[in-house]
Amino acid sequence: MCVGMGSFADPLEAQGLAHFLEHMLFMGSSEFPDENEYDSFLSKHGGESNAFTETEYTCYHFEVKREYLKGALDRFSQFFVSPLVKAEAMDREILAVDSEFNQVLQNDTCRLSQLQSHTCSQGHPLNRFTWGNKKSLVDAMGSGVNLREEILQMYMNNYHGGAMKLVIIGGEPLDILEGWTMELFSNVKSGPLLDMTPKTDMPFWKPGKLYKLDAVRDVHILYLSWTLPCLHKEYMKKPEDYLSHLLGHEGKGSLLYFLKAKGWVSTLSAGVGSGGSERSSYAYIFEMSIHLTDSGLKNVFEVIGVVYQYIDMLKQSEPQEWIFKELQDIGYMEFRFAEEQPPDDYAVDLAENMLFYSEKHVVCGEYLYEAWDPELVKHALCFFNPDNMRVDVLSRSFDKQSQAIQREPWFGSQYIEEDIPSSLIESWRNPVQIDANLHLPRKNEFIPGDFTLRNANSPRSSSEDNPRCIVDEQFIKLWYKMDMTFNVPRANTYFLISIKDGCSSLKNSVLTELFANLLKDELNEVLYQAYVAKLETAISVVGSSLEIKLYGYNDKLPILLSNILSTFQSFSPKTDRFEVIKEDLERAYKNTNMKPMSHSTYLRLQVLREIFWDVDEKLEVLMNLTFTDLVKSLPMILSQLHIEGLCHGNLSEVEAINISKIFRNTLSAQTLPEEARHGDRVICIPNGTNFIRSVRVKNDLEENSVVEVYFPIEQDTGREATRLRAITDLFSSIIEEPYFDQLRTKEQLGYTVDSSPRMTYRMLGYCFRVMSSKYSPVYLQSRIDNFINGLSTLLDGLDNETFEHHRSGLIADKLEKEPSLSYQTGDYWSQIVDKRYMFDMSKLEAEELRTMQKADVIAWYNTYIRSSAPKRRRLAIHVYGCNSDIAELAKLQEQSWTVIDDVKSLKGSSQFYSSLC
Ligand SMILES: [Zn+2]
């Protein structure tokens, strides 16, 4: 349900009110007064819900098992008829909004976006603080605003049928779904239709300004923003997409290609974002974000100068119809062969589309490039001039001593506002010359032309088959399955290329990563062209292997693969690119673990995995690496390889075999013998042991703390462990909601509260997590312990009906067909990466669940989780936020915890499970 009102409607004296209303709407209704009713109904029936507040609309959505759609709709609809907005829930929900804000407090993108709001013209609706936090809401009350009255007022004025767009995706026939809608939503009060026409063109920002914003992460990013008129009604022509295609292009002649050659820029993107502040009825904001190198930061004005040369080149050449036709072909093809999304996401997309597109285009609107209108493109280009541009530079190289420093009031981020010299502006307005290296792109050779389905003549009965191994040679092993389900001309081909000693030492692991990044850089132009034509590539380092994934339309896939592999084979890095890519990787290492949640995951894996190179040590090694080191390492990387891959989708068996031949014919490496391939081993924590690792946050200003309590269960031996995996999932399904309800809703410990199974290199485990900006890890640990101790009572008291719901919900989950080819490939691939090869794993687990009783779950809990359970062992990770005192750790040492001071020596004296993958 999209309701056409969002944070632009916030009153100045109560900022964040629309967001707060979104939270309060769920707090019970006249029909269902219990505030937990909706969530617990959904959770019991395999569902979940969420909501978000945009600038001009607010969206509420849920999903649930098919049979319970009506029950869930019944509860959902009442929020739009008679919400209670319970006064007693308000203080608590203010805390929830505050925790949510604390999550983004150290996020550079959010800080920038708030700076842009803060410096927006006074009186403009963007000149707001849309998140809301405790201060904005409590201050409002302090200054006499009756928040509850304001919320009700906001609700009364805006929540009516004329402003609502509802999408229901269900398994029942349409008449039945329509009948339910009429029955349940007929009491929504009526109101005037939403007005989506463009509003006044009041300027957003003062022209000629440069804003320097102090960054949290180690980055230099230049943002250029141009304000275009609202283009809602031009969605059949999409002039902004034509321009973003060219300004964001990465092939020869493009801005990025040119700026990379100068060594100034590493990545660049351009276009009108999909968010509400970028696409509102007030304006479309076209933004370029340009990641600069150190040298690019020094030459930032020259970079902008090149941007204006390119813009001038566009203004001087007529808009090109053939370029629009390419976009049109791609759009048409994407619509024709669109892959299904998870229904929850799809419902949200459609409800948003209903706000912007006419009725007949709700489904296809975003793919449409119906009419070529060169005049409209020219008109849009007129707005790309320095008098209509805002410049932001986000960097840590920020003059901390400057007298001109100001603070954005909500995030407290430091910034400096400067005037751009008028001589510069003049030179951008009329570039003296256009560098001959800037020109329009070539025709895209990767746009597919062959969409025939390979399965047309195959017997339908094979649709239930699993991938088969069709090539099993020493050098390459290939799994294959022709798609019989989705019938789209797409294929996903994934490969794991094992490299000799790829991560056997700290230095090798850094060299492997450098190599992968340089290879990607070298391939960028080709990969980008293919990506535009919806054939994508992902290259990453996984352990000691290079993982290469090609996915998208299958027509040109073999050409792209040949291209990648011949570059791989003949790769000879260049010094200037080495320096840039090294600087990039240094930055990536420095920025690792800046978020406390990923930091805690990192720390857990660092203890669990036998081979795990510390990122700070990697950084040290990297700083001292030379170009010669890399060149010397290439023979190591290329000498011995082993490939295991999967071809899934619209490929015949012969085509898949040919793909394996591309590997054999292009790569000259020897086979990496099996015993030389890396296998990951996981630490064996003795029963009864409680390890704790406590660390401070990496970012000194980060207020959030994280506690992650991990219980190893057993090694996942494959088929024999089916029942154990299924019980673990069932336990998770039963306790997930009570855990959330207790720690987040009732105790308000923090915004992120979750618990779920973990699979770490075939080690099955279970994890409880909380992230909090208000409480210290020691307290959070005690609340998690308290919850876990209470589970005996909770499980004993679980009535049969509820248990049945969880069990059948989970069975349905396991048997649910994947929505698209990509999801299905992902399932198969994880079986190959984990070397489990149980392609029917979910089905087998569903069968086990049929015979499962409540007693099985209790027995599992009593074996692995309960305090004093015989096989209980714990690994707690505590990440201390800047306001928590790590000395508190001493309190835990008195208890049963063993503190890990030195991970290396712990591993030196530990046993490890034998490697399964
Ligand atoms: Zn929220």
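**Entry 1: the model**

I worked from a predicted model. The protein chain is divided into domain 1 (2-185), domain 2 (209-429), domain 3 (465-676) and domain 4 (683-912).

**Entry 2: aromatic pairs**

I searched the whole structure for ring pairs and got 56 aromatic pairs. I looked at tryptophan 226 and tyrosine 308, an edge-to-face pair. Their centres are 6.3 Å apart, with 80 degrees between the planes. Where do the two residues sit in the chain? Tryptophan 226 is in strand S6 (residues 220-228), and tyrosine 308 is in helix H12 (residues 300-316). The pair links distant parts of the chain, 82 residues apart.

I then took up tyrosine 494 and tryptophan 829. Why is this pair edge-to-face? The planes stand at 85 degrees, and the cut-off for edge-to-face is over 60. The ring centres are 5.6 Å apart, and the limit for pairing is 6.5 Å, so the two rings count as a pair. I placed tyrosine 494 in strand S14 (residues 490-499) and tryptophan 829 in helix H28 (residues 821-833). The pair therefore ties together parts that are 335 residues apart in sequence.

Are these two residues buried or exposed? Tyrosine 494 has a relative accessible area of 7%, and buried means under 20%, so tyrosine 494 is buried. Tryptophan 829 comes out at 4% relative accessibility and counts as buried too.

I also noted a cluster linked by ring pairs. Its members are Phe26, Tyr38, Tyr60, Phe62, Phe76, Phe79, Phe80, Tyr155 and Tyr159.

**Entry 3: charges over rings**

Which lysine lies over the face of tyrosine 369? I found lysine 238 there, at 5.2 Å from the ring centre. I logged lysine 477 next: its charged end sits over the ring of tyrosine 837, 5.6 Å from the centre.

**Entry 4: domain 3 against domain 4**

I took the centres over C-alpha atoms; 31 Å separate domain 3 from domain 4. How many residues are in contact? I have 41 residues of domain 3 touching 42 residues of domain 4. The buried area between these domains is about 3,700 Å², and carbon and sulfur atoms give 69% of that area. On the domain 3 side, Met597, Arg604 and Val607 supply 20% of the area buried against domain 4, more than any other three residues.

I looked for salt bridges across this interface and found 2. I also recorded the salt bridge of glutamate 617 with lysine 904, whose closest N and O atoms are 3.0 Å apart.

Key
Residues numbered from 1 in each chain as written. Predicted model: local features only at pLDDT ≥ 70, side-chain atom pairs only at ≥ 80, totals over all residues. Heavy atoms only, no water. Phe/Tyr/Trp six-rings, centres within 6.5 Å; stacked < 30°, edge-to-face > 60°. Helix = DSSP H or I, 4+ residues; strand = E, 2+ residues; numbered from the N terminus. Buried < 20%, exposed > 50% of the residue type's maximum accessible area, 1.4 Å probe, protein only. Lys NZ or Arg CZ within 6 Å of the ring centre and 35° of its normal. Domains from an automatic or database assignment. Contact = heavy atoms within 4.5 Å. Buried area = accessible area lost by both parts, 1.4 Å probe. Salt bridge = Lys/Arg side-chain N within 4 Å of Asp/Glu carboxyl O.
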